[in-house]
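Reader: I have just opened this structure and would like a friendly tour. Could you take me through a few of its parts?

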Amino acid sequence: MSKDTIWDRFLKPLFSTFLLNKEQIEQTQKAIDWEGETQKLKDPSISYPQYYKSQNFHGIAGGYLTSAAAVTYDPITQFVLPPSETIVRQALLDKIVGYPKKIIDLGCGTGSGTLALKKLFPDSQVMGIDLSPYMLALARYKAKEQHLIIDWRHGIAESTTLANNSVNLVTISLLFHELPTKIIKSVLDEVFRLLTPGGQVLILDGNQKVINRASWLANIFEEPYIKEYAQGNLDSWLVSVGFGEIKTDDIWLIHQITRAVKPG
Ligand SMILES: C[S@@+](CC[C@H](N)C(=O)[O-])C[C@H]1O[C@@H](n2cnc3c(N)ncnc32)[C@H](O)[C@@H]1O
């Protein structure tokens, strides 16, 4: 692991000393029976891909496969989505067209976006899929606290094993900058397969053009694949998979939201 990132040298000490509410993190850590909950959530047929298990995302040893990653994720994320996490996540919700009945949030993490989807579409079936049972355990805890019924699944975004043409909306937030390009393309193939004709995908992530130009942005956190992501072009990846009505908007300069539709 590189010890040379801006994250390791400056931001990690800053976060751990001043910005993070340590009491709140400890409370969350204690509130969940991690062993029991992750055992319930784990799908034993899943083997973790090398690109995922070999990296210490955000400088946390063990990457996402730890309770430490889960309990620190929300407290950190609120600071890294300027101007605010609520505004940026709302911008994705604002771009959804219609009232999708079946929704999947791929790489749902601790479920912040998934919960917002269920609140916006209370009559819809909402599923959150993630490779980390620890992130899912926290997502499930948050959903229970808010009395929201969401189907949490331990799964791989690029091979969900769910039925063809079965979903009206797929959302993907903050996942692609953490994947090698060839895996992003496999995820898009999978999304295309899952969507009903006319179904839509919404993708929120770092602004590829801006991060590519300002390479220091790519060095801020321990994000092993972000440079590769920023050098690519999501619109052209979507075209190559067969999507139509593709539109990417810059959101507060450093984010982008893309909407695309599977042709009917
Ligand atoms: C940066 S977090 C984003 C979480 C959430 N979407 C959000 O908006 O806060 C990335 C998440 O993607 C998950 N992930 C990474 N690769 C994945 C894959 N191939 N399939 C499913 N989940 C994956 C990680 O476990 C992690 O929870």
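This is a predicted model: local features need pLDDT of at least 70, side-chain atom pairs count only at pLDDT 80 or more; totals for chains, interfaces and linings use all residues.

Reader: At what angle do helix H2 and helix H5 pack?

Author: Helices (H or I, at least four residues) and strands (E, at least two) are DSSP runs, numbered from the N terminus. Axes are lines fitted to C-alpha atoms, for helices over the stretch in contact, and angles run from 0 to 180 degrees between N-to-C directions. For H2 (residues 22-31) and H5 (residues 67-80), the axes are 10 Å apart and the angle is about 135 degrees.

Reader: What word describes how H2 lies to H5?

Author: Angles under 35 degrees count as roughly parallel, over 145 as roughly antiparallel, 65 to 115 as roughly perpendicular and the rest as oblique. H2 and H5 pack at about 135 degrees. That makes H2, relative to H5, oblique.

Reader: At what angle does H5 pack with helix H8?

Author: H8 covers residues 133-145. Its axis and that of H5 are 8 Å apart, at an angle of about 50 degrees. This makes H5 oblique to H8, with the angle again being about 50 degrees.

Reader: Is strand E6 largely in the open or buried?

Author: A residue is buried if 20 or more other C-beta atoms lie within 10 Å of its own, exposed if 12 or fewer, and partly exposed in between, with C-beta atoms placed from the backbone. E6 (residues 244-251) has eight residues, and the number buried is zero, so the strand lies largely in the open.

Reader: Which residue takes a positive phi in the hairpin of E6 and E7?

Author: Two strands pair if DSSP finds at least two bridges between them. Six bridges join E6 to E7 (residues 255-261), and the two run antiparallel. Ile 251 stands opposite His 255. Three residues lie between the strands, and the one with a positive phi near 45 degrees is Trp 252.

Reader: Is Val 261 buried, exposed or partly exposed?

Author: Val 261 has its place in strand E7. Around Val 261 there are 18 other C-beta atoms within 10 Å, so this residue is partly exposed.

How values were computed
Residues are numbered from 1 along each chain as its sequence is written.
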